[in-house]
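Take a look at the sequence and the 3D structure below. The report after it goes through the parts one at a time.

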Amino acid sequence: MKEYQPKYVGTVTKYVFIESPEMTPTDFAIKAYEVSDGVMIKETCFGLQITGMPDEVDRVLERIRSFDPEHVFVKDRGFPPGDERRCRANLGGARPGYFGHEYEVNYVIRSISHGLSALKAREPGTEADPPSPVKKTYLDTTSLKKIIERMEP
Amino acid sequence: MANVFIYPATSLILSDLVARFGHKPLGSALSVREHIQTAGFDSPPLQITPEDAKKGLKYAAVEVPSGVRGRMSLYGPLIEAAEGAIIVNDADYAFGCMGCARTNELIMFLVRQRGIPVLDLNYPANEKEGEEFVAAIKSFLDTLGETA
């Protein structure tokens, strides 16, 4: 057992995923640096990681979001960037994880961006009809029997 | 501003939408951050320590595997702090070992046991469903904001 002294105590780290058709992560990084003021910003292939005190990080995020609100997505991260327990530089290869982000960014996020754009034009008070697990109907036995009978010569 | 538990707790989309509409998303990153920013004695200092499996006893019985109890020490406090929850039911990437699978089942059970408002959804498969997905979350969070 050894004593563990945490780094960056009191800070928050946020992932910024950028799916903008008009701006790249580099463009956003430059915009973020303009207002960084001591906040640590790391550019990645998918966007940015921003580490700093909560108020400062929120300020930078607000600025970044303002350029393309429907295509910038933010979430919390537990570890700060470069932490030797998670950083692939110390682990000798690709790091595990990101499966969830990979799925959401590849298959879902464009629908969400569209949904966010459409939200402004939506009639207030319109009831939402989202894809729900409750509504999912399975093939009942009567229908199955009818299909089988139809297929039989 | 209400505390909203999200499932999958690592979801980028849920975390973003909850924060975007003015509430606090309760995801696993918050617990992990709290763990790694707390000084102590451990070697190596990873997310889950033997101490966490003991904390998990609050949420799962002693005969439940320590893997489930360790995970519950991360998720349990979040569920306790939640004032609402959004659950995406068809998140295949939440699949994992038996520890993950049983923890996921226990999380669902505990969320429903708490009696807080829960929004059950599936991931949208097209743009039309995306519109409804976002609108449903916004409407749910608006009502949550009124009651919080």
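## Two helices side by side

In chain B, helix 4 and helix 5 meet. Helix 4 brings B:Gly67, B:Val68, B:Arg71, B:Met72, B:Tyr75 and B:Ile79. Helix 5 answers with B:Gly99, B:Arg102, B:Thr103, B:Leu106, B:Ile107, B:Leu110, B:Val111 and B:Arg114. Residues are in contact if their C-beta atoms, placed from the backbone, lie within 7 Å. Helices (H or I, at least four residues) and strands (E, at least two) are DSSP runs, numbered from the N terminus.

Helix 4 covers residues 66–81 of chain B and helix 5 covers residues 98–114. Their axes come within 10 Å and cross at roughly 30 degrees. Axes here are lines fitted to C-alpha atoms, for helices over the stretch in contact, and angles run from 0 to 180 degrees between N-to-C directions. Helix 4 of chain B passes helix 5 in a right-handed crossing. A crossing is right-handed if the near helix is turned clockwise from the far one by less than a right angle, and left-handed if anticlockwise.

## About the model

This is a predicted model: local features need pLDDT of at least 70, side-chain atom pairs count only at pLDDT 80 or more, and totals for chains, interfaces and linings use all residues. Residues are numbered from 1 along each chain as its sequence is written, while chains are lettered from A and ligands numbered from 1 in the order in which they are written.

## The sheet of chain B

Four strands of chain B form an open sheet in the order 2-1-4-5, with parallel pairing. Two strands pair if DSSP finds at least two bridges between them. Strand 2 (24–26) and strand 5 (118–121) are the edge strands, each pairing on one side only. On average, neighbouring strands of this sheet are turned by 25 degrees against each other, direction ignored.

Strand 1 (residues 3–7) of chain B pairs with strand 4 (residues 84–88) over four bridges, in the parallel sense. Here B:Phe5 stands opposite B:Ala85. Strand 1 of chain B also pairs with strand 2, over three parallel bridges. There B:Val4 faces B:Pro25.

## Strand 1 and what follows

Strand 1 of chain B is mostly covered: five of its five residues are buried. Buried means 20 or more other C-beta atoms within 10 Å of a residue's own; exposed means 12 or fewer, and partly exposed lies in between, with C-beta atoms placed from the backbone. In a regular strand the side chains alternate between the two faces of the sheet. B:Asn3, B:Phe5 and B:Tyr7 point one way from strand 1 of chain B, and B:Val4 and B:Ile6 the other way.

The peptide bond from B:Tyr7 to B:Pro8 is cis, with omega near 0 degrees. B:Pro8 sits in the loop between strand 1 and helix 1 of chain B.

## Where the chains touch

How many residues of chain B are in contact with chain A? There are 44, and they touch 38 residues of chain A. Helix 1 (12–20), helix 2 (28–36), strand 3 (40–41), strand 5 and helix 6 (127–147) of chain B each supply at least two residues of that side. Helix 6 of chain B gives the largest share, eleven residues.

Helix 2 of chain B is mostly covered, with eight of its nine residues buried. Among them are B:Leu30, B:Val32, B:Arg33 and B:Ile36. Their cover includes strand 5 (72–77) of chain A, together with strand 2 and helix 4 of chain B.

## Chain A as a whole

Chain A has five helices and five strands. From the N terminus on, they run β-β-α-β-β-α-β-α-α-α. The radius of gyration of chain A is 23 Å, well over the 15 Å that the globule rule gives for 153 residues, so chain A is more spread out than a compact globule. That radius is taken over C-alpha atoms, and the rule is 2.2 Å times the number of residues to the power 0.38. Of the 153 residues of chain A, 27% count as buried.

## Two positive phi values

Phi of A:Tyr8 is near 55 degrees, a positive value in a residue other than glycine. A:Tyr8 lies in the loop between strand 1 (3–4) and strand 2 (12–18) of chain A. A:Tyr8 is partly exposed, with 18 other C-beta atoms within 10 Å.

Phi of A:Asp37 is near 50 degrees, also positive in a residue other than glycine. A:Asp37 is in the loop between helix 1 (25–34) and strand 3 (40–43) of chain A. A:Asp37 is exposed, with 10 other C-beta atoms within 10 Å.
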